[in-house]
Amino acid sequence: MALAPIPKVVLGSIAFAIFWILAVFPAVPFLPIGRTAGSLLGAMLMVIFRVISPDEAYAAIDLPILGLLFGTMVVSVYLERADMFKYIGKLLSWKSKGPKDLLCRICLISALSSALFTNDTSCVVLTEFILKIAKQHNLPPHPFLLALASSANIGSSATPIGNPQNLVIAVESKISFGDFLFGILPAMLIGVVVNALILIAMYWKLLSGHKDIEDPIAEVAAEEEVNSHQFSPATMSHYSSSFNSQELNGYLLESSSIQNSPQAQNLRNRLVSIESEIHRFHVGSAINSARNSSASKEGTNNNDLASETKVETSPSKTVVEIDRTMDGHVLASSDGKDCLGAERKRLLWKTCVYLITLGMLIAMLLGLNMSWTAISAALALVVLDFKDARPSLEKVSYSLLIFFCGMFITVDGFNKTGIPSALWEFMEPYSRVDRSSGIVILALVILVLSNLASNVPTVLLLGARVAASAAAISKEDEKRAWLILAWVSTVAGNLSLLGSAANLIVCEQARRAPNISYTLTFWSHLKFGLPSTIIVTAIGLTLIR
């Protein structure tokens, strides 16, 4: 493709440069409007500068990708409500056998959860809990945070729903979910293992030099934090459902010297005693209410009971209502049976959520349309919930969907300037996937562009061109070229702190965590990220078929 007229090239490049600056540096001082507004600004400038027409701008928006992204986000919201991420968090500390075991466990769980629920979601959910575990066991958080972010990126490469760039590749290439999974899975699994070994080798002395002193009370506090953990994909923020839980953790996660003082021990014992008394009160009130209501049927009047509970007597049974809330529902107890029934209903609901999610994954593996499969699963969960879906739908990251719309238009406009095609025509003879040297050069191009322009724009700019070049060789080489693009553009996010959104999420979550904050610096990440990215990428390239 020849270059467009000079004015179109210049104006299109200016619009793309503005988009790129705001996408990579969303809080740039001269225009701190953020990534989403930056993508819309770039799209609007492409139309105003007449690089593309309004109709071409609308046509550039890829609805199947947006549908798949929306569906997977809704499913993630309902999985969070069904305590899926609470169970994932518990697996991290369950029967841990030391720092190195904990680090390997973080790598494995982070990778697997990212492949199923996206890397960003896994990092949002697990960052603060990992900080609490590190504090509980008197361990330095740095290697564990690196393990979380890097393994989340590597693990997300294995499925089309693991990260946004894979969504784009899966839709554009029309590679089935199963082919995508089995094409990259070996590279992903070996990559996670190699990444863990690099972390252990680099931080061996740091992990071995800290004595693992476990605080059982802090362990309970960390578990309670997972139980009360709430997140919103729209803001990527970390919330606790109870102020008391935050306050309790604030007391329990002070420095080790304060924890071991007699005053702290006394406070800890009092807090546990109070919590036990509250629990016994709730259980005892249900039992006593049932007994007293039964006695009232025999003619015994109990005025004190009437003042605390509402008793309704009918010829068939006595219903005692107890003010107890679980997940926003008020539970009732009739001789202790209705509470048990409500628990069973919630367990049944959670089981159905897991089954629907599993059905979605199986349908994708069978080759059904991924966008409509994800949307169908999301709507099935909405109907199953059988109540107003607005609170759940409000957690969807609509700003991310809008960012994608603006990015589609901006990248399409930049493509029409002819600059990407001219650059690819220069590189294409040296980047053919039927030669080892060509794969190495192609990987380096993807690696550099992913860290300069971000991975999703890189995929949008290179995808069709790389695939067309490989298709001229064979159909198998075309598929391999798409998978190489997915693998390298994803693992490239581990190179630097700015390489992927998952890295930034871990950094910000750790910095803002109350009482246990930790700052992950750019250079400390680069010290690990550079060798890890090069080694893991190179090993993975040999396993992708």
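Predicted model: local features only at pLDDT ≥ 70, side-chain atom pairs only at ≥ 80, totals over all residues.
Colleague: Where does K174 lie, and is K174 buried or exposed?
Modeller: K174 lies in the loop between helix 9 and helix 10, and with a relative accessibility of 72% K174 counts as exposed. Buried means under 20% relative accessible area, exposed means over 50% and partly exposed is in between, with a 1.4 Å probe and protein chains only.

Colleague: How many residues of helix 9 are buried?
Modeller: Nine of the 10 residues of helix 9, which covers residues 164-173, are buried, so this helix is largely enclosed by the rest of the structure. The buried residues include P164, Q165, N166 and L167, and V168, I169, A170, V171 and S173 are buried as well.

Colleague: Which residues does V459 touch?
Modeller: Not counting residues up to four places away in sequence, V459 touches Q165, V168, I169, L485 and S489, where contact means heavy atoms within 4.5 Å. V459 and Q165 are 294 residues apart in sequence, and their C-alpha atoms are 6.5 Å apart in space. V459 has its place in helix 23, residues 455-471, and V459 is buried, with a relative accessible area of 3%.

Colleague: Changing topic, at what angle do the axes of helix 8 and helix 10 cross?
Modeller: Two packed helices are described by the angle between their axes and the distance between the axes. The axes are lines fitted to C-alpha atoms, for helices over the stretch in contact, and angles run from 0 to 180 degrees between N-to-C directions. For helix 8 (residues 142-156) and helix 10 (residues 177-202), the axes come within 10 Å and cross at roughly 165°. Helix 8 and helix 10 are therefore roughly antiparallel to each other, given that angles under 35 degrees count as roughly parallel, over 145 as roughly antiparallel, 65 to 115 as roughly perpendicular and the rest as oblique.

Colleague: Which residues make that contact?
Modeller: From helix 8 the contact is made by P143, L146, A147, S150, S151, I154 and G155, and from helix 10 by M188, G191, V192, N195 and L199. By class, this contact of helix 8 with helix 10 has seven nonpolar, five polar and no charged residues. Ala, Val, Leu, Ile, Met, Phe, Trp, Tyr, Cys and Pro count as nonpolar, Asp, Glu, Lys and Arg as charged, and the others, Gly among them, as polar.

Colleague: And how about helix 6 and helix 10, at what angle do their axes cross?
Modeller: The axes of helix 6 (residues 99-117) and helix 10 come within 10 Å and cross at roughly 150°, which makes helix 6 roughly antiparallel to helix 10. The contact is made by K100, L103, C104, C107, L108 and A111 of helix 6, together with M188, V192, A196, L199 and I200 of helix 10. The residues of this contact of helix 6 with helix 10 divide into 10 nonpolar, no polar and one charged.

Colleague: Where is T72, and is T72 buried or exposed?
Modeller: T72 has its place in helix 4, residues 63-81, and with 8% relative accessibility T72 counts as buried. Leaving aside its neighbours within four places in sequence, T72 is in contact with I161 and A374.

Colleague: Stepping back, how many helices and strands are in the chain?
Modeller: The chain has 26 helices and five strands, and of its 545 residues 52% count as buried. Among contacts in the chain between residues at least 6 apart in sequence, 74% join residues at least 24 apart.

Technical notes: Residues numbered from 1 in each chain as written. Heavy atoms only, no water. Helix = DSSP H or I, 4+ residues; strand = E, 2+ residues; numbered from the N terminus.
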